[in-house]
Amino acid sequence: MKYHHDPDIDILTAYSLTKIDILTGVRCGNCPHIPMIRVSASWSCPKCRYSSKTAHIKAIHEYFLLLNNHLTNSELRNFLHLNSRNTAYKMLKSLQYETQGGTKSVNYSKPKR
Ligand SMILES: [Zn+2]
């Protein structure tokens, strides 16, 4: 019996693990920590105490770049580890993405830039 090892499978596995581990949550702009937590209308890093009001914008760009061309309110909440539907709504609204769908399931589209 000849032992055959296929390295492609390991790469794919590693890649999907990386995707899940790294790409959810807001990344700190000052240290490598992820996720930042939402504290009184801004993002706070529990590690270095860095705080930012706009850290989610980069996270949303990463979402559009790497995961999907559109985003719903609940997908955003999962991705940013947010509990508040209203907070997610305000973020999406302030970023002025094109929207599709009715009031119950609005899809926010990736900017065409
Ligand atoms: Zn930090």
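Me: Where is Cys 28 found?
Reply: In this predicted model, Cys 28 is in the loop between helix 1 (7–22) and strand 1.

Me: Is Cys 28 buried or exposed, and why?
Reply: Count the C-beta atoms around the residue. A residue is buried if 20 or more other C-beta atoms lie within 10 Å of its own. Cys 28 has 22 C-beta neighbours inside 10 Å, so Cys 28 counts as buried.

Me: Which residues is Cys 28 in contact with, leaving aside its neighbours within four places in sequence?
Reply: Cys 28 is in contact with His 33, Ile 34 and Met 36, and also with Cys 45, Lys 47, Cys 48 and Tyr 50. For a distance, take Pro 46. Cys 28 and Pro 46 are 18 residues apart along the chain, and their C-alpha atoms are separated by 9.3 Å.

Me: How do I read the sheet with the order 1-2-3?
Reply: Start with the general idea. Strands of a sheet pair through backbone hydrogen bonds, either parallel or antiparallel. Now the case here. The sheet is open, has three strands and shows antiparallel pairing. Strand 1 (37–39) and strand 3 (51–52) stand at the edges, and each has a single partner strand, so one side of each lacks a neighbour in the sheet.

Me: How many bridges pair strand 1 and strand 2?
Reply: Three bridges, in the antiparallel sense, pair strand 1 with strand 2 (residues 42–44). Val 39 stands opposite Ser 42 in strand 2.

Me: What does Ser 52 touch, not counting residues up to four places away in sequence?
Reply: Ser 52 sits in strand 3. Ser 52 touches Gly 29, Ser 42 and Trp 43. Gly 29 is 23 residues away in sequence, yet the C-alpha atoms of Ser 52 and Gly 29 are 8.1 Å apart. Ser 52 has 17 other C-beta atoms within 10 Å, so Ser 52 is partly exposed.

Me: At what angle do helix 3 and helix 4 pack?
Reply: Two packed helices are described by the angle between their axes and the distance between the axes. Helix 3 (residues 73–80) and helix 4 (residues 85–94) pack at about 100°, with axes 9 Å apart. The two helices are therefore roughly perpendicular to each other.

Me: Which residues meet in the contact of helix 3 with helix 4?
Reply: Helix 3 brings Asn 73, Leu 76 and Arg 77. Helix 4 brings Arg 85, Ala 88, Tyr 89 and Leu 92. By class, the contact has four nonpolar, one polar and two charged residues.

Me: Which residues in helix 3 are buried?
Reply: Asn 73, Leu 76, Phe 79 and Leu 80 are buried. Seen down the helix axis, these buried residues fall within an arc of 125°, so they line one face of helix 3. Their cover includes helix 2 (55–66), strand 4 (70–71) and helix 4. The face turned away from the buried side carries the exposed residues Ser 74 and Asn 78.

Me: Which residue follows helix 3?
Reply: His 81 follows helix 3, and the phi of His 81 is positive, near 60°.

Definitions and conventions: Residues numbered from 1 in each chain as written. Predicted model: local features only at pLDDT ≥ 70, side-chain atom pairs only at ≥ 80, totals over all residues. Axes fitted to C-alpha atoms, helices over the stretch in contact; angles between N-to-C directions. Helix = DSSP H or I, 4+ residues; strand = E, 2+ residues; numbered from the N terminus. Parallel < 35°, antiparallel > 145°, perpendicular 65-115°, else oblique. Contact = placed C-beta atoms within 7 Å. Nonpolar A, V, L, I, M, F, W, Y, C, P; charged D, E, K, R; others polar. Buried ≥ 20, exposed ≤ 12 C-beta atoms within 10 Å, placed from the backbone. Arc of directions from axis to C-beta. Pairing = 2+ DSSP bridges.
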